[in-house]
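Let's take a friendly walk through the side-chain contacts of this chain. Have the sequence and the 3D view open as you read.

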Amino acid sequence: MPLFISRRNRGTRNGRNDSHPVDEVLPPGKLFAYGVQHIAAMYAGVVAPPLIIGQALGLSPLNMTLLIGASLLTAGLATLLQSIGVWRIGARMPFVNGVTFASVAPILAIVTQHDKQQALSIVYGSVLVAGILAFLAAPYFSRIVRFFPPLVNGTVITLIGLSLFPVAADWIAGQDPEAANYSSPLRIGLGAGTFLLVLVLNRVLRGFLNRIAILIGLVVGTFVAWPLGMVDTSTFERAPVFDVPMPFEMASPAFSLTATISICIVMLVAMMESTADMIALGEIVDRPAGEKTIAAGLRADGAGSALSAVFGGFTCSAFAQNVGLVALTRVKSRFVVAAAGGVLILMGLFPVVGGVVSLVPKPVLGGAALVLFGSVAASGVRTLGKANLGDPLNALVVAGAFGVGMIPIISPDFYEHFPAALRTVLDSGISTGCLIAVSLNLLFNGSRATGGEQDQAPEEDTPPAAREAVDADDSRAEPVPTPRSNDVRSEAEPTGY
């Protein structure tokens, strides 16, 4: 027996090889490639809100670039808070944060109600207050996790996936029905081609290449679209090489009670969606999100939003499309998302780098997104398999939640004549479906000890080594389940790659 044994520590705690895949540190090349793949999946969602808000404010091209850079920078900071964590801030999961689109409508309402020079100041003041209040309310809001048995979890996760499909469809067809190329055969062909390519790549590739199948599909789709005139290089050509967003550079904060209330409602909706996304992600990575994890994640949402207001961004929340990417690639390491956060910060500091990512045509991005969003819905169906849907009451919970949650998805103007404050919640199929699922489960199963989890298959025993606390400060006390061992590609690479 040799006197010294060489141990290869790849991100495990204390040199042990029993750490959870979420805590695994991958080699630098893989961290970067997987991180860029996450950015490609969420880039359009980060830049769309500042583009829309900037246009409503009538900002100059330079200020528009600064606004987008600030959103990228703050998305990176918020993502690092979520994935790496500081003290009791951050879920410490592969969780991507960025500007939530739910804030766009209330911010546009603020812009129309105030002078444009003052509107941005009021927006930043409202986002700052809402972020601080969300940070303080996080430990109380997180207690709702007890109302999310697999019956509710599966319903909400499936709704998350279904609610994202219209986004992918808009990316493929175009967002302006009056445009000449709206739903053109070329756009749909590019989307369909990318969709099929991603499916084929996921089927035939193995190991590392399989994990970056989305990124390969986006690159190939972009090169195919370039000679067809579908690649817009204007953003790349106008982007400055380097810019450092300064605190309150765009506008100093001002405060308005009505505006603050409307943004606080947006933050409440964002917290609900983040909670649902954390629960979904916990199911996907085999590390259930308990109250402490959700509280830490919501603190990161609040802190990220407050920080975003300081540097010129807007309300931050989870990006559900990146949850789908984790489900599809099975790359569970939170340090991959941390790498994405670092690249986002660089993109905020070097806008010309962000211009490279913006070269990906929307139809190509939409084709890949269909696979991503479908993966989220499939994860929800898998979770629903843990509940007894043969029970008529459980089936009613799912039916009711789907029925109400799908309304704003299939008919966006359904609540058009409701007050703006109510529409902030009602227009989110995830929020309404979540509320209905929780309410119906309490109504039908509240008096039953099983709470909607009848006849579940018994969970496998978890080894003692896997039940160690993840954080030294005991901020995550939930047991860590063992990774599944039935991965057909587990022999190609270690679990979590």
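Are R287 and D23 buried or exposed? R287 is buried, and D23 is buried too; buried stands for under 20% relative accessible area, exposed for over 50%, and partly exposed for what lies in between (1.4 Å probe, protein chains only).

A word on the source: this is a predicted model, in which local features need pLDDT of at least 70 and side-chain atom pairs count only at pLDDT 80 or more, while totals for chains, interfaces and linings use all residues. Residues are numbered from 1 along each chain as its sequence is written, and side-chain values use heavy atoms, with hydrogens and water left out.

**Salt bridges**

The whole structure contains four salt bridges (a side-chain nitrogen of Lys or Arg within 4 Å of a carboxyl oxygen of Asp or Glu). Three of them can be found here:

| Pair | Closest N to O distance |
|---|---|
| R287 and D23 | 2.8 Å |
| D286 and K332 | 3.0 Å |

R287 sits in the loop between α10 (257-284) and α11 (291-311) and D23 in the segment before α1 (28-57), so their bridge ties together parts 264 residues apart in sequence. Helices here are DSSP runs (H or I, at least four residues), numbered from the N terminus. R334 belongs to helix α13 (residues 334-349), so its pairing with D23 ties together parts that are 311 residues apart in sequence. R334 and D23 are both buried. Shared partners join D23, R287 and R334 into one network of salt bridges.

As for the D286 and K332 pair, D286 is buried at a relative accessible area of 9%, and K332 counts as buried at 10%.

**Nonpolar cores**

Now look at the nonpolar cores (buried Ala, Val, Leu, Ile, Met, Phe, Trp, Tyr and Cys residues joined through side-chain atoms within 4.5 Å). The largest has 77 residues, of which I160, I214 and F314 touch the most other members. Another core, of 16 residues, lies apart from it and includes Y43, V46, M64 and M347.

**Aromatic pairs**

There are four aromatic pairs in the structure; rings of Phe, Tyr and Trp (its six-membered ring) pair if their centres lie within 6.5 Å, with planes under 30 degrees apart counted as stacked, over 60 as edge-to-face and the rest as tilted. The rings of F414 and Y415 have centres 5.0 Å apart and planes at 80°, so they are edge-to-face. Y415 and F418 are also edge-to-face, with ring centres 5.4 Å apart and planes at 85°. Y415 is buried, with a relative accessible area of 8%, while F414 is partly exposed at 49% and F418 is partly exposed at 41%.

Definitions and conventions. Helices (H or I, at least four residues) and strands (E, at least two) are DSSP runs, numbered from the N terminus.
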